[in-house]
Amino acid sequence: MSDHVASTIRTPHPAGVTAGALRGATMDQEAPVREHAHLIRPFDPEFDEVGDVEMADLIADLITGLGEDVTREGLLKTPDRVERSLRFLTSGYQADVNTVLNDALFEAEGSEMVVVKGIEFYSMCEHHMLPFFGKAHIAYIPSKKILGLSKFARVVDVFARRMQVQERMTIQIADALEQALEPVGLAVVTEASHLCMMMRGVEKQGSSTRTTAMRGVFRDDARTRQEFLEAIRGA
Ligand SMILES: [Zn+2]
């Protein structure tokens, strides 16, 4: 894999995120109670520039802004929990898809269609920061290389764990796999429910959104595409 490919796929660390913070980013770890001393000081634009303020403090401000009492018992640890949760849910920014792929690429022995269906994913819509989640289905026809089957889910996670729109996530998964595998053809379909539609706005409970990315023979040959769509029907 060339340096060029690596640099186009890898996403730089967002400002303020340290390796140490990420190592601590597990969901179930109990956080120490922080003192939200800043809540009683007046707003100071100099001090409150992004980067100077702890993320948990920003979350405490958010909770206060929503009309809650961030000092009551049930909410004391919430800013820290939310920070850890958000860092996990956006950990795709720190993941390097080439590292995920490189040790699991093998020489292709055949050129039959490989279908990996029903890969669960959880992402977060970038417009409302609410979850969207569902399943991804991936197929490819190998040319030179094949990829270990468990890696498809890892690749999906790299792009799902970010602030996303479903269309872009689908394309990014396809782009990364296409660059790594150089296949005869590749197809990615994602189906998702969006909480921003279900909990608010139009409140369409049963709706789901499907986006597709078809490459090579999956784009150019209707029969290949049909074979894939049949294979994932009801998955
Ligand atoms: Zn949304």
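Predicted model: local features only at pLDDT ≥ 70, side-chain atom pairs only at ≥ 80, totals over all residues.
| Strand pair | Residues | Sense | Bridges |
|---|---|---|---|
| β2 and β3 | 114-125 and 131-141 | antiparallel | nine |
| β2 and β5 | β5: 163-164 | parallel | two |

Five residues lie between the strands in the hairpin of β2 and β3, and Met129 there takes a positive phi near 55°.

Another strand, β1, covers residues 105-107 and includes Leu105. Is Leu105 buried, exposed or partly exposed? Leu105 has 16 other C-beta atoms within 10 Å, and therefore counts as partly exposed, since a buried residue needs 20 or more and an exposed one has 12 or fewer. Apart from neighbours within four places in sequence, Leu105 is in contact with Lys145, Leu147 and Ala180. The C-alpha atoms of Leu105 and Lys145 are 6.3 Å apart, although 40 residues separate the two in sequence.

The helices include a packed pair. Helix α3, residues 55-65, packs with helix α4, residues 78-89, at an angle of about 120°, and their axes are 8 Å apart. The crossing of α3 and α4 is right-handed. On the α3 side, the residues are Met55, Ala56, Ile59, Ala60 and Ile63, and they meet Thr78, Pro79, Asp80, Val82 and Glu83 of α4. Sorted by class, the contact of α3 with α4 holds seven nonpolar residues, two charged and one polar.

Key: Residues numbered from 1 in each chain as written. Axes fitted to C-alpha atoms, helices over the stretch in contact; angles between N-to-C directions. Helix = DSSP H or I, 4+ residues; strand = E, 2+ residues; numbered from the N terminus. Left-handed = near helix turned anticlockwise from the far one by under 90°. Contact = placed C-beta atoms within 7 Å. Nonpolar A, V, L, I, M, F, W, Y, C, P; charged D, E, K, R; others polar. Pairing = 2+ DSSP bridges.
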